Amino acid sequence: KVVKQVCAELDDSGALPVGVSAPGLAADDDRSIAIMPGRFPGLEGFDWPNHLGRDAVFVLNDAKAALIAEANFGAGVNCQNIVLLTLGTGVGGAIMINGELVRGNMNRAGHLGHISLDIDGPAGITGIPGSLEFAVGNATVEERSNGKFHSTAELIEAVNQNDQNAGAIWNLSVRKLAVGVCSIINVISPELVILGGGISQAGETLMEPLSKYMDMYEWRPNGTATPIRIAKFLELSGAIGAAGYAFKKSTIGSV
């Protein structure tokens, strides 16, 4: 209902295309999120063009949408090979190679949060043990801290107050993030890694230890480090990228 109202307010003619971004695997026809395990019940398979009564409605994964925004208008402008990680409730991801968004079979490519860092770790929603998502995502803070902290924001606040226990938990999470990023760099060889999502807004509390661990673990041929930047558009990246994707797909404009 709310989406219908917004569409009507912005374009009551129904002529402009609409972009929708959401977690999960987008359907090949761009009409819905086909697979979204354990999140937003009711939206899996939900047909957005039919609901909105418009033909030009295009749906894609939220991290892929964020990368479209950042590559064209934000932190990744003028780069052709980019990896983006969204650090939030879980860990999302997207990949661009030679200027093209990598979608892969079933639009599954880019789910970088589901790489494994520990074969003996707990299984995540995909069944993979010890995932990057488990190591960093907000949804697992309580489990990782044995119930002491209930959110990443609470954990970071304690870190900034020099709580040693919080510092140890956070340090381990950032160390695992660095190992995950370095592993991805070894596979993709991007020009740039972009970090988005709420956790990326932790400032130097994130970037200082992350830089230290990147120095330890990144393979740097000829001494060349891969830059890591924070997303320019923050929580709006997905919306901006979805809009750009819709214009490109409808041929009204281009990304």
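By a nonpolar core I mean a set of buried Ala, Val, Leu, Ile, Met, Phe, Trp, Tyr and Cys residues joined through side-chain atoms within 4.5 Å. Buried means under 20% relative accessible area, exposed means over 50%, and partly exposed is in between, with a 1.4 Å probe and protein chains only.

Some housekeeping. This is a predicted model, where local features need pLDDT of at least 70 and side-chain atom pairs count only at pLDDT 80 or more, while totals for chains, interfaces and linings use all residues. Residues are numbered from 1 along each chain as its sequence is written, and side-chain values use heavy atoms, with hydrogens and water left out.

Now the core. The largest one has 34 residues, and Leu85 and Leu177 touch the most other members. Two or more residues each come from strand E5 (82-87), strand E6 (91-97), helix H4 (132-136), H6, H7, E8 and H8. Helices here are DSSP runs of H or I with at least four residues, strands are E runs of at least two, and both are numbered from the N terminus. The most is given by H7, with 10 residues.

What does leucine 177 touch, apart from neighbours within four places in sequence? Its contacts are Leu85, Leu87, Leu132, Val136, Leu206 and Leu210, where contact means heavy atoms within 4.5 Å. There is also a second, separate core of 13 residues, which includes Ala66, Ala75, Cys79 and Ile82.

Serine 200 counts as buried because its relative accessibility is 3%. Beyond four places in sequence, serine 200 contacts Leu87, Leu195, Leu206 and Ile230.

On to helix packing. H6 (residues 152-160) and H7 (residues 164-188) pack at about 120 degrees, with axes 8 Å apart. Axes are lines fitted to C-alpha atoms, for helices over the stretch in contact, and angles run from 0 to 180 degrees between N-to-C directions. Under 35 degrees counts as roughly parallel, over 145 as roughly antiparallel, 65 to 115 as roughly perpendicular, and the rest as oblique. H6 and H7 are therefore oblique to each other. From H6, Thr152, Leu155, Ile156, Ala158 and Val159 meet Ala166, Gly167, Ile169 and Trp170 of H7. That contact has 7 nonpolar, 2 polar and no charged residues. For these classes, Ala, Val, Leu, Ile, Met, Phe, Trp, Tyr, Cys and Pro are nonpolar, Asp, Glu, Lys and Arg are charged, and the others, Gly among them, are polar.

The other pair is H3 (residues 62-73) with H9 (residues 237-250), at about 80 degrees and with axes 7 Å apart. H3 and H9 are therefore roughly perpendicular. The contact of H3 with H9 divides into 8 nonpolar, 3 polar and 2 charged residues.

Most residues other than glycine have a negative phi. Methionine 106 has a positive phi, near 65 degrees, and asparagine 107 also has a positive one, near 60 degrees. Are they buried or exposed? Methionine 106 is partly exposed, at 42%, whereas asparagine 107 is buried, at 6%.
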